Amino acid sequence: MPVPFLRGFATSSTANKEKHVAIVGGGAAGFYAAVRLLAKSSDVTVDIFERLPAPHGLVRYGVAPDHPEVKNCMSKFRKVASNPRVRYFGNVEIGSGGGPQELSLDTLRSLYDGVVLSYGASRDKHLGIAGEQGDDKRMGVVSARQFVAWYNGLPEAQNLEPDLESYDKVVIVGHGNVAMDCARILLTDPKYLATTDITEQALNVLRRSKIRHVEMVGRRGPLQVSFTTKELREMTKIPGLQIVTDVDLISAECKTDEGAAFVNRFQPLRRMMVLLLEHAVPYADESASRKTFKLSFLKSPTEVLLDQKWGASGTVVPRVLRLQKNKLEGLPETAKALPTEEFVDIPCAMVLRSIGYESTPIEGIPFDSKRKIVPNIAGRVIDENEDVVPGLYVAGWLMRGPIGVIASTMRHAYRTADAMIVDLANTDHEPRCASRADIDAAFEGLGLLKSFVSNDDWMKLEAHEIEEGRKVNKPREKVTSVKDMLHIIRKHATLPPAL
């Protein structure tokens, strides 16, 4: 019979037959889509595919280690994964289908009644400036995404060697929450991070760090920043840290007729400006002896210079970031940064870019190369003619771009799942596979059953991480190598894994 959510919809004779759904991407969007599907339909089974052995995506590898409360959703995801109607297929890549641990999208679509794409945004935007790529000896600009992934234990980021010892300053390009996370981690005493789930490797590097100053630069003004009051307030609580900014500019921007109206319309922004003015000192009062966090405005990077002589002593610094000063034009909500003829140089050990992420396509899906998303209507994928692609759906950042927090990801994933439930209930074709056994038979023929990581396998790996963390008073000690993950899993399992 129709599920309660669908009362009032005309359902076909196939509506009460078991339908099988595949979700590509084991992050928050994928798991929340599964939550909704399970809650709204008793006739749906869900298989979640993730390219890494470990699930949970950016909740595991993107959320700052000193924000454990944000990771509470993982307990809900564990409950979902233990549901008998859900299976987890980790260590499986969805692409062209050319490898033993790779499935093509066409294969998934041939086996499942619906496929949800929720593999996120794994590439960061570039500045497009001279020196960004560095040279044979030094990195030019480091992605903040990669830096975050490094200290959070993402296997593919573990070869990063952040330069935190050759000079005492890091410059971060960008005024968002990810930039704030990076700044906070760099300026927080490692003893306060030692009881989080930050990796031991990252912790050891931070213990040796000589970084005492972090400057965050943005091309527009204080009223256009993207970070939140919560992130700024956390900076004010770092012991001994001095916050430095252009106090005069902030005051002036808030006092213009347009600026005053703007901040009064957006109370969170008003509270943020009040907080900043309460805790910050002007540039002229910046301390040379204290740790400092500087917020700079109206500057755009133009070039990274390597191994430059600096100051009267001619000391060679590893990097100098050259920035062009800007001026604002237009109303605060739509203000554009226009370049001036003035430039400023900032010496530093490392430059981080934090100007946004973007998704990439996999073979066989429509993709908007300008917006870097899969085009869709309420989660239903559409082709170049804006026709709905039957059975194909999208959720998360791949659906709407890399914006929002976990709560907004949940809402949009629910919307996609609701669309799928309506479509599955009103379909006029028989389920593509009569049972999971048919799906498994296809996977066995492809050799997949010998290499994937099940939810039971993941639970063994997680138990290992928690036990290793307990030994050093941490919530967990993440395994940072896929090879090591599989070794830990396999020594506790008999292959092939049971379904």
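**Close-up 1. Histidine 213 and its contacts.** Leaving aside neighbours within four places in sequence, histidine 213 touches Asp168, Lys169, Val170, Leu187, Ser287, Ala288, Arg290 and Thr292; contact means heavy atoms within 4.5 Å. The model is predicted: local features need pLDDT of at least 70, side-chain atom pairs count only at pLDDT 80 or more, and totals for chains, interfaces and linings use all residues. Residues are numbered from 1 along each chain as its sequence is written, and side-chain values use heavy atoms, with hydrogens and water left out. Histidine 213 lies in strand E10 (residues 213-217). Strands (E, at least two residues) and helices (H or I, at least four) are DSSP runs, numbered from the N terminus. Histidine 213 counts as buried because its relative accessibility is 11%. Buried means under 20% relative accessible area, exposed over 50%, and partly exposed in between (1.4 Å probe, protein chains only).

**Close-up 2. Helix H10 against helix H11.** H10 (residues 247-255) and H11 (residues 257-265) pack at about 85 degrees, with axes 4 Å apart. H10 is therefore roughly perpendicular to H11. Axes are lines fitted to C-alpha atoms, for helices over the stretch in contact, and angles run from 0 to 180 degrees between N-to-C directions. Under 35 degrees is roughly parallel, over 145 roughly antiparallel, 65 to 115 roughly perpendicular, and the rest oblique. From H10, Glu253, Cys254 and Lys255 meet Asp257, Gly259, Ala260 and Val263 of H11.

**Close-up 3. A stacked pair of phenylalanines.** The whole structure holds twelve aromatic pairs. In one of them, phenylalanine 31 and phenylalanine 77 are stacked, 5.0 Å centre to centre, with 25 degrees between the planes. Rings of Phe, Tyr and Trp (its six-membered ring) pair if their centres lie within 6.5 Å; planes under 30 degrees apart are stacked, over 60 edge-to-face, and the rest tilted. Phenylalanine 31 is in helix H1 (residues 28-40) and phenylalanine 77 in helix H3 (residues 73-81), 46 residues apart. Both phenylalanine 31 and phenylalanine 77 are buried.

Close-up 4. Phenylalanine 89 counts as buried at 0% relative accessibility. Phenylalanine 443 is buried too, at 0%. One aromatic cluster is formed by Phe49, Phe89, Tyr112, Phe443 and Phe452.
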